[in-house]
Amino acid sequence: MTVAVTGASGQLGRLVVEALLKDGSQPVVAVVRDPAKVADLAARGVEVRVASYDDPEALERAFQGVDRVLLVSGNEFTKRVAQHTNVLRAAERAGVKLLAYTSIPQAGRNPLILAQEHIGTEAALAGASIPTVLLRNGWYWENYTGGLAHAIETGVLYGAAGEGKVSGAARADYAEAAARVLTTDGHEGKVYELGGDETLSYAELAQVISEVAGKPVRYQDLPQADYAAALQGAGLDAGYAAALADADAGIADGILAVDSGDLQRLLGRPSTPVAEVLLAALS
């Protein structure tokens, strides 16, 4: 059985390939736009095939002889539903036996800006002629490492999540779970709501940062619009800043608190502690 990972040069896709190599039970195909970015994986025995989400014919060629595909959600906002549908149709034409997709928690009722293209993709997958599985990945703890140095330097973690809580996990945890789905049976038609063991408010996250950094860090809650403006002032474009502030509002409403236990069952272990992720980012 051969498994393929799309977007294999990206942060999540590469980790999935690494997990598959560690498992070692199946041949692995990495589907990428730029093969130079995965030359190291090719040197380790991964078959590299070139295709973009915008090229249906190249995608179909990339999936020839592949049994299971992980569709890692793209990063071109406003284009993703069409691009993901291209991947689905190519997989159908190539005779793929299972397509897994990295979605977002509670997509059936998730109001976040970031959720809408996942919802559209899930609707397309619902009409697929091949079996599918939804991996509704929760927040990565790595989402907070980009601003970690600033939070430690200023002693303040900013956000707009109020007292809401988020069930984060390490990106590698989600990658390992995806690899498990690709290499084991019985996942057809399943919907996995994936979140970590730790469900933390931002105030609690700030406390963990304090412990890891060895200096006090507190959480400062901002109105959603003010937080979006602060993110934009830090260099993010207006649309992305608004989406991140909107995500914090969703955390305040509990949309990213996941207690299903699905991630832990797929991993066969607890998720990686947030302190470990933060320490790795600081090292």
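Select Ser167, which is buried, with a relative accessible area of 0%; buried means under 20% relative accessible area, exposed over 50% and partly exposed in between, using a 1.4 Å probe and protein chains only. This is a predicted model, in which local features need pLDDT of at least 70, side-chain atom pairs count only at pLDDT 80 or more, and totals for chains, interfaces and linings use all residues. Residues are numbered from 1 along each chain as its sequence is written, and side-chain values use heavy atoms, with hydrogens and water left out.

Ser167 belongs to strand β8 (residues 165-167). Helices (H or I, at least four residues) and strands (E, at least two) are DSSP runs, numbered from the N terminus. Show the neighbours of Ser167 next: not counting residues up to four places away in sequence, Ser167 touches Trp139, Tyr174, Gly195, Gly196, Glu198, Thr199, Leu256, Ala257 and Val258. Contact here means heavy atoms within 4.5 Å.

**Aromatic rings**

The structure holds five aromatic pairs. Rings of Phe, Tyr and Trp (its six-membered ring) pair if their centres lie within 6.5 Å; planes under 30 degrees apart count as stacked, over 60 as edge-to-face and the rest as tilted. Select Trp141 and Tyr144, a tilted pair with 6.3 Å centre to centre and 45 degrees between the planes. Trp141 is buried, at a relative accessible area of 1%, and Tyr144 is buried too, at 12%.

**Helices α8 and α12**

Stay with α8 and colour helix α12 (residues 274-282); their axes come within 10 Å and cross at roughly 50 degrees. Axes are lines fitted to C-alpha atoms, for helices over the stretch in contact, and angles run from 0 to 180 degrees between N-to-C directions. The angle makes α8 oblique to α12, since angles under 35 degrees count as roughly parallel, over 145 as roughly antiparallel, 65 to 115 as roughly perpendicular and the rest as oblique. For the side chains, select Leu205, Val208, Ile209 and Val212 of α8 with Val274, Ala275, Leu278, Leu279 and Leu282 of α12, which make the contact. These residues divide into nine nonpolar, no polar and no charged. Ala, Val, Leu, Ile, Met, Phe, Trp, Tyr, Cys and Pro count as nonpolar, Asp, Glu, Lys and Arg as charged, and the others, Gly among them, as polar.

**Helices α9 and α10**

Move to helix α9 (residues 224-233) and helix α10 (residues 238-252), whose axes come within 8 Å and cross at roughly 140 degrees. That makes α9 oblique to α10. Among the residues making the contact are Tyr227 and Leu231 of α9 and Leu244 and Asp248 of α10. The residues of this contact divide into nine nonpolar, two polar and two charged.

**Two positive phi values**

Most residues other than glycine have a negative phi. Select Thr78, in the loop between β4 (68-71) and α4 (80-94); its phi is near 80 degrees, a positive value. Thr78 is exposed, with a relative accessible area of 75%. End at Gln106, in the loop between β5 (98-103) and α5 (116-126), where phi is near 50 degrees, again positive. Gln106 is buried, with a relative accessible area of 17%.
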